[in-house]
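Hi,

Here is the structure I promised to pass on.

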Amino acid sequence: MPPSPSTSAHSTSSLPPCPVAPDALVGIKRQQTNTSRWRGAGWREFVLSLKDVEVIEDAPTRGTFATDAGGTAYGMPHGVVIARSAAQISALLKAAQAHRVPVTVRGGGLTTQGESIAFGGVLLDMTGMSRVISVDKDRLTARTEAGIFWASLAEHLRRQGMDYLSAPLNLTSSVGGTLGVGGIDVNSARFGCSADQAVALQVVTPTGEIVECSDEVNPELFRRVILGYGQFGVITEATLRIRRYTPIRMRYYYYSSLRTAIEDLQMLDRVEAADYAGILTMMDAAINLLVAFDSGEREAAFDAKWHSRLRGMGETAFAARTFLSYLIRPWRWGEALFLRARKRQLFPEFSRLEHMRDGRMEDRSVVFSRAVWKFWGGRQMVIPDLATSSAKFAETVERGNAVCKQFFPRYTLYCVGIRLREEHRPHYEMSCIPPDAADWAYGCEFEPMIGDDTWSRDHLQSFQNAIYDIGVEMGASYYRFGGMMKGYIRRVFGDELVDRHLAMKCAADPAMILNRDVIF
Amino acid sequence: MRLTPHGRAKALQHGAVAADLRASIASCTLCGACEPACPEEIPLVDMILALRRSQPLPCESAEVTTQAAAAAENVLLPGEALRQDSERLKRIASLLDIAVAADDGSDISRAIECGAALASSRVSIFISSFKSAKRLVVADGLLLRKLREWLPETRVVSLGEALSTLDAVRARLRATDLYVIEPRAFHADHARLVRHYDGLIKARNLKTNLDLQRFAVPTCASSAAKSVDPLDQARWILEGRAFERVVVEDAADCAVFARVTDRQVLHLGDL
């Protein structure tokens, strides 16, 4: 005879809630881990109507795009189109509207929530459009096709002694994809997010019009496309602000308190003491404040005025302090050994001789990106993040850190400031930039070190939900709120704002074909 | 079909067979830059070579002399392009004070690259001719990779590394030179050679064909794959770079660069 519900409740009252039970996710319905698949109605007629657009339908090609960098969402498109020109994309989108076929746009595929996976319909691979069109060294701008990876753009710019302003620390993220979601770098506290670099865009709207837009020309479209998660158009070309290339001088400060490190980071940002600043941690046991400079003059000014105000330690002092701390806690020696091994593996990566010259790092994007993939990458990645105002950030990170500890033995936190541009405030609406942030927003990525370990998707999902629940309570925003996490969008932004954007989306994309299920 | 190693791997995971990947397999130039870039450390060059064996490229047989080599401790395997320039070969042999192998395995390298059938007896004869050798200097980067597998006790170095280690050669490199590293040998031993070349670059203040990730941009002049135009590659290597001479490690690159620049083009052994 089965136990009565009351008996069952009594006998399990000492157990924590099951993290994978359908009703386990406090406050929200169970998150589906894959978006429902479009069934293919009218697909053949759609393909036949595309006279000058090649649609590749063989399974191996479609399988190439079956998952994204997160490796937890899987979906197959009905066909793949390699982007060749704005005119080709225009023809594709016009036909897609007419036949109501979803089109999912993909650059480097570096999403983690399935945003760049096509659950049926067309997968539009933007890497086919990756030319640098022009570089204007006088006006400090570059015009490029949007499927180009930032690393390739850097190769072109460096030949002319130039560099981009800021870009994600990842060699295979595309310009178009980044402008659609944000993009952070260790200099974002100075230059803003990557999307803020865009001066003008060529966009193919969901109904197939090819439109040039900027803050001056078609500004409403520009506002919606920048940080718009691909809902209001396909970015085909971008004019970006650039700068003269300089190698950088790196410094590291070590902390054992997250709050102290964050306060120091925010102080450096406020007074613009450094050209680059960010926090990278090994759990909350070793917290590294990374500081860097574009010139010896900037570094000297920092030394004269700000170095002594930082509460972080040098490497030797921190190592000695940490050693003593673990010495009297033998139950944590496993963690101590992990930290030591990790440091020995990781730190040489940041000072590889071939990327250093005269004590300066020549290619920060390559050095950081390679280290990120080598030491944090894996077949599965979940990187929930929270973005808050300056005032809320320390508490948010501390609470997120507690969640990380609860779910994983090893994890990393990555924190940076993002300089906000007041004139871009309309761009920030319903984006990763929190609405209450002024001057700077702060972002933290909470990244479990999964490596080759196996965790259930439910465990990973529960972890992400626990982090995002903090965001809801703190009035934060998120960088990765689309795809599988879109259940949070209304909770974070509220019905009024989301409904307003939904109405704009319906007007711009009547058949709701472009990047379906990413946001709406 | 996406031509990247990642694209090929994904396609294979989704049911592709070698025939489905024919164009992708044929287009790989085997420069080997994908291997040091791969975060999973997958032997991608061997993966391509295995796929090529089921989808071979047209393969012209290279002319080789299969006579037994003299029992020398230092042996140079010049490869096809350098063997055709006897004056340059003689000069390089003299610089390195090294015996030149009559049988340099060019046919073996060509067969491996094209995925053609290769008689094990031919490989055995070739390898056995170097059993007294302590050091092999190999101009062909693909053959070098294989010789390291076949002769683990023998020191096998690339011609570029051997020459660029000589003080006499290094001293003649100028800050105004654009130095073109042979990619196959470089990427086959990237972790070590990136240090070697970094030292050379800093010592002589050279410009090179290394990209920001420190991978060598290939001209593909020696590649059996015809998917890439070596002239386009050479133009990209030169783009935006100020230089007075081009100094190449791969003899096949001399003719390529001579067609896209009016500046002097030299082999490293010509210095």
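**Strand pairing in chain B**

B:Val137 has B:Val157, in E4(B), as its bridge partner. Keep in mind that this is a predicted model. The two strands involved are E3 (residues 135-138) and E4 of chain B, which pair in the parallel sense over four bridges. On another strand, B:Leu76 also has B:Val137 as its bridge partner in E3(B). That pairing joins strand E1 (residues 74-77) of chain B to E3(B), again parallel and again over four bridges.

E3(B) and E4(B) are also part of a right-handed β-α-β unit, with helix H9 (residues 141-150) of chain B as its helix. If you step along E4(B), residues 155-158, the side chains alternate.

**Nonpolar cores**

In soluble globular proteins, nonpolar side chains tend to be buried together. Here the largest nonpolar core has 134 residues, and the members that touch the most others are A:Leu92, A:Val103, A:Leu124 and A:Cys415. Leaving out residues up to four places away in sequence, A:Cys415 touches A:Ile262, A:Leu265, A:Gly278, A:Ile279, A:Val397, A:Tyr442, A:Gly443 and A:Cys444. Apart from the 134-residue core there is another one, of 77 residues, which includes B:Leu21, B:Val45, B:Leu178 and B:Val265.

**A loop residue in chain A**

A:Ala285 sits in the loop between strands E11 (276-282) and E12 (286-293) of chain A. Setting aside neighbours within four places in sequence, its contacts are A:Glu335 and A:Leu339. For a distance to check in your viewer, A:Ala285 and A:Ala437 are 29 Å apart, C-alpha to C-alpha, and 152 residues apart in sequence.

**Where the chains meet**

How many residues does each chain bring to the contact? Chain B gives 22 and chain A gives 21. On the side of chain B that touches chain A, the elements giving two or more residues are helix H1 (5-13) and helix H13 (190-204) of chain B. By class, that side of chain B has 10 charged, six polar and six nonpolar residues.

Cheers

How values were computed
Residues are numbered from 1 along each chain as its sequence is written. Chains are lettered from A and ligands numbered from 1 in the order in which they are written. This is a predicted model: local features need pLDDT of at least 70, side-chain atom pairs count only at pLDDT 80 or more; totals for chains, interfaces and linings use all residues. A residue is buried if 20 or more other C-beta atoms lie within 10 Å of its own, exposed if 12 or fewer, and partly exposed in between; C-beta atoms are placed from the backbone. Two strands pair if DSSP finds at least two bridges between them. A crossover is right-handed if, with the strands pointing away from the viewer, the path from the first strand over the helix to the second runs clockwise. A nonpolar core is a set of buried Ala, Val, Leu, Ile, Met, Phe, Trp, Tyr and Cys residues joined through C-beta atoms within 7 Å. Two residues are in contact if their C-beta atoms, placed from the backbone, lie within 7 Å. Ala, Val, Leu, Ile, Met, Phe, Trp, Tyr, Cys and Pro count as nonpolar, Asp, Glu, Lys and Arg as charged, and the others, Gly among them, as polar.
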